[in-house]
Amino acid sequence: MEQPRVVSLRAIRARDLDELPRLEPDPSEGAEAADARWRRLLDEPGVDARLVRADGTPVGTVVRQTGPAGSEITCRIRPDQQGRGIGTRAVRLFLDTQPRPVHARTATDDHASIAVLEHTGFTPVADDADGIVFRLD
């Protein structure tokens, strides 16, 4: 699959909420639950949520949540758009605007997410029952 020419980020807006479940499909979560989850997330202080676009088409999200333990980012790209370098490019763009240090967590068998984190400079710092914790200083 060909890489997109342009990967861009913009703040998630209320009008994006209908589209977010399609970008982050979770068969166990209905559209109403996904909408409620996003509304709660966007109302939290310390959250920076961006829509990822590839050549102008929405394809995923990048989110930073800041809490007592520090900042943690997550990046989700639509399954049919993975493997095109979009996640790596989106995380690099996002990190250009973020204070350090920042953490990320992924499942131990999520090789695509591990590759994105390693390509963007994160290093593993812990491995626990919830997966691998990465840090970028």
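Me: How do I read "buried", "partly exposed" and "exposed"?
Reply: Buried means under 20% relative accessible area, exposed is over 50%, and partly exposed lies in between, using a 1.4 Å probe and protein chains only. Here arginine 135 is partly exposed at 29%, while aspartate 137 counts as exposed at 64%. Bear in mind that this is a predicted model, where local features need pLDDT of at least 70, side-chain atom pairs count only at pLDDT 80 or more, and totals for chains, interfaces and linings use all residues. Residues are numbered from 1 along each chain as its sequence is written, and side-chain values use heavy atoms, with hydrogens and water left out.

Me: What counts as a salt bridge, then?
Reply: You need a side-chain nitrogen of Lys or Arg within 4 Å of a carboxyl oxygen of Asp or Glu. The whole structure has six salt bridges. One of them links arginine 135 to aspartate 137, at 2.6 Å from N to O.

Me: Which residue does arginine 10 meet in a salt bridge?
Reply: Aspartate 16, with 2.8 Å from N to O. Arginine 10 is buried at 16%, and aspartate 16 is buried at 6%.

Me: And how do I read strand pairing around strand 6?
Reply: Strands are DSSP runs of E, at least two residues, numbered from the N terminus. Two strands pair if DSSP finds at least two bridges between them. Here strand 6 (residues 123-128) and strand 7 (residues 131-136) run antiparallel, joined by five bridges. They make a hairpin with two residues between them, and aspartate 127 sits opposite isoleucine 132 of strand 7.

Technical notes
Helix = DSSP H or I, 4+ residues; strand = E, 2+ residues; numbered from the N terminus.
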